[in-house]
Amino acid sequence: MMKFLKQVIDYTKEAGQAAKYIGQGLSVTFDHMSRRPVTVQYPYEKLIPSERFRGRIHFEFDKCISCEVCVRVCPINLPVVDWEFDRETKKKKLNHYSIDFGVCIFCGNCVEYCPTNCLSMTEEYELSTYDRHELNYDNVALGRLPYKVTQDPMVTPIRELGYLPKGVVSGHDLPAGSRGAGKLPEEILAQMESDAPKEEAKAAE
Amino acid sequence: MPEEKKAAAAKPKKEKLEDKPFQEFITEHLLPAINATLGKVGINDLDLTFNKEPLPVAGVSDVDCWQIIGKFNGAQRQFRIGFLKEDIKGQKFFCCADNGAQPSLLESFMIDERRVTLDLIVLYTVQRLNGQKWLTAN
């Protein structure tokens, strides 16, 4: 009799344990119901890269003075600057320039150190090709206007969390003209300038 | 120091050329120089003209300015060097297009160059066209 009773008790305990574990496991699942939606329906929707995004490098042929600073500051001396000295005008004549984006780590040193600002970062990040040698961009490819998420009529640009209005957690279906939380730098500056005379007056008193 | 002296000695002669009136300088000195230099690198059917035309790029086509227009390779390839002011030291731009298309991108031309001389304009032109892989293969 006692043996039978013990079996019943064990069975009930185990059923309770199993229910507990299932509940624990599913709580992780149900936890997602209160989380922020992060899915972006790429390629129909794309996230807008942040301001200092380091994408494909843009190169302006006319501004380059063939100083090779970009090569020196590059961790792997990647940019290829093909120039020759023009004896008549005593100037370096830039023949070709190229950066292999299959090897580039997008550290941005070249852009930072370029003395004539002929290198710049773009927001272009879709650099997939079938052949890695296609990523070796020459100065013609580097000089093309970069792709922008916000200028593509086929793409719905989605803002990242930091750029959403206060209290909004999803970048989808934002009303037109909605702004991010906080003020823009120029607005802060304008306010500081308008406040400055008042504070001076206060200090004078 | 000797280099500076040489430059100083060479300057008076050069300055005369660049101080000539804008149109005279371009039609009588720059165009023949560009023609000769591009002839040396193997462009034989170059058609160089100097006209006041609206900018060829969509979006800014309402601006009239003087342009050196070069067409070659059976008029399939064209490049333009535009002068926004009637002054070779003023703002200049460059645009080019292949396969008889309209140029789509307006680029700066000699934007960081303080000295603007005949030789330098020719050098920059040849350099830019070479960069476009139009003169030689890479």
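This is a predicted model: local features need pLDDT of at least 70, side-chain atom pairs count only at pLDDT 80 or more; totals for chains, interfaces and linings use all residues.
**Entry 1: A:E124**

I then placed A:E124 in its chain: the residue sits in the loop between strand 5 (119-121) and strand 6 (136-138) of chain A. Is A:E124 buried or exposed? Its relative accessible area is 11%, so I noted A:E124 as buried, the cut-off being under 20%. I also checked its side chain, which reaches the backbone nitrogen of A:Y147 at 3.1 Å.

**Entry 2: A:Q151**

Next I went to A:Q151. I found A:Q151 in the loop between helix 4 (139-142) and strand 7 (156-158) of chain A. Its relative accessibility is 56%, so I listed A:Q151 as exposed.

**Entry 3: two helices of chain B**

I moved on to helix 2 (residues 22-40) and helix 3 (residues 118-131) of chain B. Their axes are 10 Å apart, at an angle of about 45°. I therefore recorded helix 2 of chain B as oblique to helix 3 of chain B. Helix 2 of chain B passes helix 3 of chain B in a right-handed crossing.

Which residues of the two helices meet? From helix 2 of chain B I listed B:F25, B:H29, B:L30, B:A33, B:I34, B:T37 and B:L38. They meet B:L118, B:I121, B:V122, B:T125, B:V126 and B:L129 of helix 3 of chain B.

Terms used: Residues are numbered from 1 along each chain as its sequence is written. Chains are lettered from A and ligands numbered from 1 in the order in which they are written. Side-chain values use heavy atoms; hydrogens and water are left out. Axes are lines fitted to C-alpha atoms, for helices over the stretch in contact, and angles run from 0 to 180 degrees between N-to-C directions. Helices (H or I, at least four residues) and strands (E, at least two) are DSSP runs, numbered from the N terminus. Angles under 35 degrees count as roughly parallel, over 145 as roughly antiparallel, 65 to 115 as roughly perpendicular and the rest as oblique. A crossing is left-handed if the near helix is turned anticlockwise from the far one by less than a right angle, and right-handed if clockwise. Contact means heavy atoms within 4.5 Å. Buried means under 20% relative accessible area, exposed over 50%, partly exposed in between (1.4 Å probe, protein chains only). A polar contact is a pair of N or O atoms within 3.5 Å; within protein, one must be able to donate a hydrogen and the other to accept it, and residues adjacent in sequence count only if both atoms are side-chain atoms.
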